[in-house]
Amino acid sequence: MTIERRLRDQPTLRTPRLRLEQLGPEHLDDVHAALGDSEAMRLTGTRASFTAEQVRAHLDRLPGADDRADFAIIRAADGVFLGEVVLNELEADDLAMNYRVALAAPEHRGQGYGTEAGRAVVEWAFAAVGLHRISLEVYSFNPGAQRSYEKIGFRVEGRARHALRWDDAWVDAILMGLLSDDPLPD
Ligand SMILES: CC(C)(COP(=O)(O)OP(=O)(O)OC[C@H]1O[C@@H](n2cnc3c(N)ncnc32)[C@H](O)[C@@H]1OP(=O)(O)O)[C@@H](O)C(=O)NCCC(=O)NCCS
């Protein structure tokens, strides 16, 4: 079975505290609200603002997509939408994808939810999808996210200097990667 087919048949992943389900139009209100969180927009270097219609058009395209996997992070105990975790930018010949994650609100952060979701997605991507490499960029003003990625197993591979201009200051992007045969932290 091809990578594209396995991405298209994206399953629901479960962890002790979370359900990671296909992100789609039913999450419109939650995703649109999350885009109003100015701290998350800064940490992800997101400048654009999106109308509800633009967000809906994006969400409509996700279920069944064969070049990406977008998961809604749902707290299993009460069904609360906590954020999203995404594998995108498929390079099928290289068995490689890009990773990004954002928890929707400040009160959800710092409790390990992002790390728990990331571990499950990475495990699925290597074991079931068949990827060999997952990479990401994290801005140097976001050491909490870098720490979370290191807990998952990502390693620093490089640094793109002055990759972002934010509030009249230059910010570096730290490049991180994880290979399917890298040892994972305990
Ligand atoms: C990044 C994110 C997904 C991490 O998920 P999380 O569940 O909050 O992460 P965790 O609670 O597992 O871990 C955060 C770690 O960062 C550490 N940390 C927090 N602030 C820190 C700082 N200023 N410097 C260094 N470490 C810091 C915490 O102590 C914790 O490490 P520990 O478990 O060893 O104590 C989440 O915080 C988030 O969505 N943030 C907003 C959007 C964002 O930044 N997305 C990533 C863009 S690259």
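Leu-95 sits in the loop between β4 and β5, where helices (H or I, at least four residues) and strands (E, at least two) are DSSP runs numbered from the N terminus. The model described here is a predicted one, in which local features need pLDDT of at least 70 and side-chain atom pairs count only at pLDDT 80 or more, while totals for chains, interfaces and linings use all residues. Residues are numbered from 1 along each chain as its sequence is written, and side-chain values use heavy atoms, with hydrogens and water left out.

The backbone at Leu-95 deserves a look to begin with. Its phi is near 55 degrees, a positive value in a residue other than glycine. Most residues other than glycine have a negative phi. At 33% relative accessibility, Leu-95 is partly exposed; buried means under 20% relative accessible area, exposed over 50%, and partly exposed in between, with a 1.4 Å probe and protein chains only. A positive phi is also found at His-162, near 50 degrees. His-162 belongs to strand β7 and is partly exposed, with a relative accessibility of 46%.

An α-helix has 3.6 residues a turn, so residues three or four places apart point the same way. After α6 comes Gly-153, with a positive phi near 130 degrees.

Several of these elements return in the largest pocket, which has a volume of about 1,300 Å³. Of the 42 residues that line this pocket, Ala-40, Thr-44, Arg-100, Val-101 and Ala-102 are the closest to its centre. On a 1 Å grid over the protein atoms alone, a pocket is an open set of points where a 1.4 Å probe fits, with protein on both sides within 12 Å along at least five of seven lines, and lining residues have an atom within 4 Å of a point. Grid points are joined across faces, edges and corners, and the volume is the space filled by probe spheres set on the points. At least two lining residues each are supplied by α2 (28-34), α3 (38-43), α4 (52-60), β4 (81-91), β5, α5, β6 and α6. Strand β5 gives the largest share of the lining, six residues. By type, the lining divides into 20 nonpolar, 16 polar and six charged residues; Ala, Val, Leu, Ile, Met, Phe, Trp, Tyr, Cys and Pro count as nonpolar, Asp, Glu, Lys and Arg as charged, and the others, Gly among them, as polar.

Charged side chains also pair up in the model. The structure holds 13 salt bridges, each a side-chain nitrogen of Lys or Arg within 4 Å of a carboxyl oxygen of Asp or Glu. In one of them, Asp-70 meets Arg-68 with the closest N and O atoms 2.7 Å apart. Asp-70 is buried, at a relative accessible area of 1%, and Arg-68 is buried at 18%. Arg-155 forms a salt bridge with Asp-182, the closest N and O atoms being 3.8 Å apart. Arg-155 lies in strand β7 and Asp-182 in the segment after β8, so the pair ties together parts that are 27 residues apart in sequence. Arg-159 and Asp-172 form a salt bridge as well, with the closest N and O atoms 2.8 Å apart. This pair joins strands β7 and β8, and so ties together parts 13 residues apart in sequence.

Finally, Trp-124 in helix α5 is buried, at 9% relative accessibility. Leaving aside neighbours within four places in sequence, Trp-124 has contacts (heavy atoms within 4.5 Å) that include Arg-6, Gln-10, Pro-11 and Phe-71. Pro-11, from the loop between α1 (3-8) and β1 (13-14), is 113 residues from Trp-124 in sequence and 9.4 Å away in space, C-alpha to C-alpha.
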